[in-house]
Amino acid sequence: MLNALIFDVDGTLADTERDGHRVAFNAVFREMGLDWDWDVALYGKLLAVTGGKERIRYYVDSFRPDFAKPRDFDDLVVALHKAKTRHYVDLLGRGGIPLRSGVKRLLSEAREAGMRLAIATTTTPENVTALLGNTLGGDPAEWFEVIAAGDIVPAKKPAPDIYFWALEKMGLTATDCLALEDSENGVLASTGAKLKTLVTVNDYTLNHHFPGVVAVLSDLGEPGQPFRLIGGEAPGQECVDLDLLRHWHAAA
Ligand code: XBP
Ligand code: MG
C-alpha cells in the first residue's frame with residue numbers, strides 16, 4: 001500500500017543547480033577574492049559530490065592543485081558555505097527558481113488524498129524552507145511532515161542514510177513509500193534504502209544511469225503538457241498522478 005511520497009529537492013522539486021546553487025557559489029568566491037569560477041560544464045562535474053562543503057573540498061583537491069590550503073582550510077570551507085547559503089536563500093527570495101512541471105499539482109493531489117509527504121535531501125535545511133516558502137507559500141510543515149536535510153546524517157547521498165532517517169522519523173518502512181529523485185547519487189541513496197523510485201531528469205542528469213527504478217521521465221507533466229517517457233512504462237498517461245504512482249508502486 002502506498003502511504004507516503006518522499007521527495008528529493010534539488011533537480012526534482014525544482015531545477016536549482018545551474019541557475020541557483022552554482023550562481024550562489026560563484027558570488028561568494030568573487031566576494032572572498034578567490035579566482036574560483038564554476039562554469040556550467042565544470043559544475044556538472046562537481047555535482048558528482050553531494051553537499052556544498054564537500055563539493056568545495058572536492059573542487060580544491062581535484063581541480064586546483066595550485067591552491068595553497070591555509071591551516072584553517074576547514075574553517076574557510078564552512079565560512080564560504082554559510083555565505084553561499086545566504087546568497088542562495090536571497091536568490092530564491094527574489095523568485096529565482098520555480099517548481100518543476102507537475103510538482104505543485106502532484107503535491108496538492110497527494111495532500112488532499114491524505115498521502116503522507118516527506119523530503120530527503122542533501123541540501124541545507126534553510127534552502128528547503130526558502131524554496132518551499134517562495135514557491136508553495138506558507139509553512140513547509142503544512143506540506144511535509146518530515147524534512148530530512150543536509151548535515152543531520154553522517155553520510156550524504158549516495159549513502160542511504162537520509163532516507164533511513166526520514167523513514168524512521170515517519171515510522172514507516174520502505175515498502176510503504178515511493179521516492180522521487182533526479183540523479184544517480186539520489187537513486188543510489190533511495191534504492192539503497194530499498195525504496196521504489198521514480199526519476200525525473202534534468203539537463204545535468206539526462207545521461208545518468210538509473211538501475212532498478214520504476215520509470216524515468218522528463219518531468220511529472222501537466223495536463224496538455226505530457227511528460228516524455230525515457231525509461232519504464234506509463235500506460236497511456238501524460239502526467240504523473242496518484243493513480244500512476246500507485247500503479248508503479250504495486251507493479252515494481
Ligand atoms: C543536491 C546537493 C546539494 C546542493 C547544494 O541535493 O547535492 O549539495 O547541490 O546545496 P539533493 P548545499 O539533490 O539531495 O536535493 O550547498 O546546501 O549542500
Ligand atoms: Mg537531486
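**Close-up views of a predicted model**

**View 1. The loop that holds K194.** K194 sits in the loop that links α8 (184-192) and β5 (196-200). The model shown in this and the other views is predicted. Although K194 is not a glycine, its phi is positive, at about 65°.

View 2. Between K157 and P158 the peptide bond is cis, and its omega is near 15°. P158 belongs to the loop between β3 (146-149) and α7 (161-170).

**View 3. Helix α4 beside helix α6.** Two packed helices are described by the angle between their axes and the distance between the axes. Here the helices are α4 (residues 73-93) and α6 (residues 125-135), whose axes come within 9 Å and cross at roughly 5°. Angles under 35 degrees count as roughly parallel, so α4 is roughly parallel to α6. On the α4 side, the contact is made by K84, T85, Y88, V89, L92 and G93. On the α6 side, E126, N127, A130, L131 and N134 take part. Sorted by class, the residues in this contact of α4 with α6 are five nonpolar, four polar and two charged.

**View 4. The surroundings of ligand 1.** Ligand 1 is surrounded by 19 residues. The closest of them are E17, G52, H81, T121 and T124.

**View 5. Side chains facing oxygen atoms of ligand 1.** A polar atom in the side chain of T121 lies 2.6 Å from an oxygen atom of ligand 1. For T123, a side-chain N or O atom is 2.8 Å from an oxygen atom of the ligand. For N127, the distance from a side-chain N or O atom to an oxygen atom of ligand 1 is 3.1 Å. Ligand 1 taken alone exposes 450 Å², and the protein buries 95% of that area.

Definitions and conventions
Residues numbered from 1 in each chain as written. Chains lettered and ligands numbered in written order. Predicted model: local features only at pLDDT ≥ 70, side-chain atom pairs only at ≥ 80, totals over all residues. Heavy atoms only, no water. Axes fitted to C-alpha atoms, helices over the stretch in contact; angles between N-to-C directions. Helix = DSSP H or I, 4+ residues; strand = E, 2+ residues; numbered from the N terminus. Parallel < 35°, antiparallel > 145°, perpendicular 65-115°, else oblique. Contact = heavy atoms within 4.5 Å. Nonpolar A, V, L, I, M, F, W, Y, C, P; charged D, E, K, R; others polar. Near = heavy atom within 4 Å. Polar contact = N/O pair within 3.5 Å; in protein donor to acceptor, adjacent residues only side chain to side chain. Areas by Shrake-Rupley, 256 points an atom, 1.4 Å probe, with all protein chains shown as cover.
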